[in-house]
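Please look over the model below. My notes follow as numbered points.

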Amino acid sequence: MALMPKRVKHRKSQRGRIRGDASRGNRVVFGDFGLQAEQPGWLAAATIEAGRIAASQYLRNEGRLYVRVFPHKSITSIPLETRMGKGKGEPEFWAAVIKPGTVLYEIGGVSEEAARVCLARLAHKMPIRVRFVKRRVM
Amino acid sequence: MSDSLEVVARPTTGTRESRRLRRQGFVPAVLYGHGEKCVDLATRREALEAVIRHGGRIVELKGAVKTSALVRDLQWDTYGVQPLHVDLVRVDKTERIKVRVPLDLRGEAPGHRAGGTVNMVLHEIEIECTPDTIPEKIHVHVGKLDVGGMIKVHDIELPAGAKAVTDGEETAVSCTVTIHKTDEAAPAGAAEPEIIGRKAGEEGEAAAGEG
């Protein structure tokens with residue numbers, strides 16, 4: 001079961017525009033290393049889950065993975081070969097809105113080499129350009 | 001040993017002036033403390049980055065102001081690559097100051113070998129010490145940490161003369177067995193979230209109406 005909110009006020013949302021950089025959620029807070037978005041985009045719930053599985057399969061029982069994003073936005077689509085009109089489509093999936101700079105995943109309790117390999121595997125699942133970041137001391 | 005940092009006076013303030021300064025390779029700074037007047041300064045970005053790289057917390061200011069100062073706060077850009085602003089506080093060599101120092105785990109925990117995960121609950125603690133004795137890191141030895149065990153702040157060995165400001169009863173490091181979720185699909189629950197302010201019977205009708 002993919003991630004989605006438990007309760008929402010409205011089933012459908014407007015597309016919106018992703019403007020500016022992330023001013024929150026742009027630091028490694030829980031772990032020691034992280035994966036930071038360099039581009040804006042939507043991260044589907046299935047993609048977030050795919051990343052989590054890729055990381056947990058590499059980590060096995062070592063360390064800890066933190067998922068820093070949650071899919072709050074419902075994305076709708078209309079079926080193929082449908083005529084124009086008849087209103088907005090039905091929700092297809094849920095996505096997280098990602099601004100450049102957002103930390104998507106964090107890893108703690110493993111060496112830097114292991115974290116780099118793990119996050120590189122995870123990065124292949126991402127639809128946007130990402131980079132490896134470390135916790136900043138000051 | 002403290003690094004030296006060349007600073008120049010900054011006659012202008014504000015967002016636009018600060019941006020102009022940054023484009024010229026400077027980083028806006030401010031110096032305050034000891035009940036003296038607050039001074040607006042600027043420093044070369046490379047010089048500040050060198051101080052940060054060395055892990056120095058105390059800097060000897062040169063140029064427009066000649067004093068010892070503590071790097072209290074640093075503001076970074078979105079990606080955490082370029083420093084945007086630095087807060088400096090005047091300090092005396094003799095006075096005791098409060099600083100946050102990162103923790104560094106040393107050794108291998110027996111609990112880790114037994115299948116547990118070592119969790120750093122606190123990544124840094126606040127200590128009180130003199131400017132000369134600020135450690136770069138505080139080493140936490142986890143050689144005796146078993147599964148279910150924890151190291152509290154008062155168990156951490158601090159450098160001579162330093163006193164912990166963070167509550168001693170707070171857990172700094174723990175060793176627990178992580179229960180990993182299986183990767184198989186979880187049993188199917190509700191396919192759609194509950195709509196706030198709408199009764200269960202209305203949902204289907206409303207959805208049909210919307211579509």
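1. Strand E3 (41-44), strand E4 (64-67), strand E6 (90-98), strand E7 (103-108) and helix H2 (112-123) of chain A are among the elements that cover the buried residues of H1(A). Helices (H or I, at least four residues) and strands (E, at least two) are DSSP runs, numbered from the N terminus. Contact means heavy atoms within 4.5 Å. Buried is under 20% relative accessible area, exposed over 50%, partly exposed in between (1.4 Å probe, protein chains only).

2. This is a predicted model: local features need pLDDT of at least 70, side-chain atom pairs count only at pLDDT 80 or more, and totals for chains, interfaces and linings use all residues. Residues are numbered from 1 along each chain as written, chains are lettered from A and ligands numbered from 1 in written order, and side-chain values use heavy atoms, without hydrogens or water.

3. Which residues of H1(A) are buried? They include A:Ile48, A:Gly51, A:Arg52, A:Ala55 and A:Leu59. A:Arg60 follows H1(A), with a positive phi near 55°.

4. The largest nonpolar core has 26 residues. Such a core is a set of buried Ala, Val, Leu, Ile, Met, Phe, Trp, Tyr and Cys residues joined through side-chain atoms within 4.5 Å. B:Val99, B:Leu103, B:Ile127, B:Leu145 and B:Val173 have the most contacts inside it. E7(B) gives the largest share, four residues.

5. Leaving aside neighbours within four places in sequence, B:Val99 contacts B:Arg57, B:Leu70, B:Ile125, B:Glu126, B:Ile127, B:Cys129 and B:Ile134. Apart from that core lies another, of 22 residues, including A:Ala55 and A:Ile107.
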